[in-house]
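Please look over the structure below. The report that follows goes through the links between its side chains.

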Amino acid sequence: EGDVTFSRVFMWDINKPVTLKTHGIIPIFYPQCGVDKSRCLGIQQKRVGAWVVGFKLHFLSQYLSSLQLKGGFIFYVERETGNFIASSDAKFDSFRTIVDDTTKEVSYAPYEANATDFPLTEVKSRVHWL
C-alpha cells in the first residue's frame with residue numbers, strides 16, 4: 001500500500017541466468033497508517049526504511065513472443081536511459097556479451113536502442129525520440 005518506485009534497469013550477472021534486472025522500492029513508515037490518512041489522524045509518519053524487491057527481466061521477451069501479434073512486433077525501451085529491455089523476438093538477447101581480446105574475460109552490458117550498431121532494425125528505426 002502506498003508509493004512504489006522502480007530503479008533503472010541494470011545488468012545482473014551474479015547468478016544465472018545473466019539478465020537485466022530492476023528493483024521495486026517500497027518505503028516503510030512508522031507508524032504504518034497506509035494510504036488512508038484517517039487511520040492515523042494527527043500522527044506524523046516517519047520513513048524508517050524500504051522494502052526492495054528484485055525483478056529479473058529475462059522472461060519479458062519470452063512473454064512478448066507468446067502474444068499473438070498477427071505479424072506485429074513489440075518492444076520495451078527504458079525511456080530514461082534509452083536501453084533496450086525486451087522484444088517479441090525471444091531469440092534476441094536483451095544485452096550484449098563482451099569478450100576482452102586480451103584477457104578473454106566476459107562482461108555484459110545493455111544495448112542502447114538507438115546505437116548505430118544495434119542489430120534489430122525493427123527497434124532501431126523506431127527510437128528516434130531517444
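## The pair of Arg96 and Asp117

Asp117 is partly exposed, with a relative accessible area of 47%, where partly exposed lies between buried, under 20% relative accessible area, and exposed, over 50% (1.4 Å probe, protein chains only). Its side chain meets that of Arg96 in a salt bridge at 3.2 Å, N to O, a term for a side-chain nitrogen of Lys or Arg within 4 Å of a carboxyl oxygen of Asp or Glu. The pair joins distant parts of the chain, 21 residues apart, with Arg96 in strand E7 (residues 95–99) and Asp117 in the loop between strand E8 (106–110) and helix H2 (121–124); helices (H or I, at least four residues) and strands (E, at least two) are DSSP runs, numbered from the N terminus. Arg96 is also partly exposed, at 22%.

This is a predicted model, in which local features need pLDDT of at least 70 and side-chain atom pairs count only at pLDDT 80 or more, while totals for chains, interfaces and linings use all residues. Residues are numbered from 1 along each chain as its sequence is written, and side-chain values use heavy atoms, with hydrogens and water left out.

## The pair of Arg8 and Glu80

The whole structure holds 2 salt bridges, and one of them is formed by the side chains of Arg8 and Glu80, at 3.0 Å, N to O. Arg8 lies in the loop between strand E1 (5–6) and strand E2 (10–12), and Glu80 in the loop between strand E5 (75–77) and strand E6 (84–87), 72 residues apart. Arg8 is partly exposed at 47%, whereas Glu80 is exposed at 58%.

## The disulfide

The count comes to 1 disulfide, meaning a pair of cysteine sulfur atoms within 2.5 Å. Cys33 and Cys40 form this link, with their sulfur atoms 1.7 Å apart, and both residues are buried. The link is left-handed, with -100 degrees about the S-S bond.
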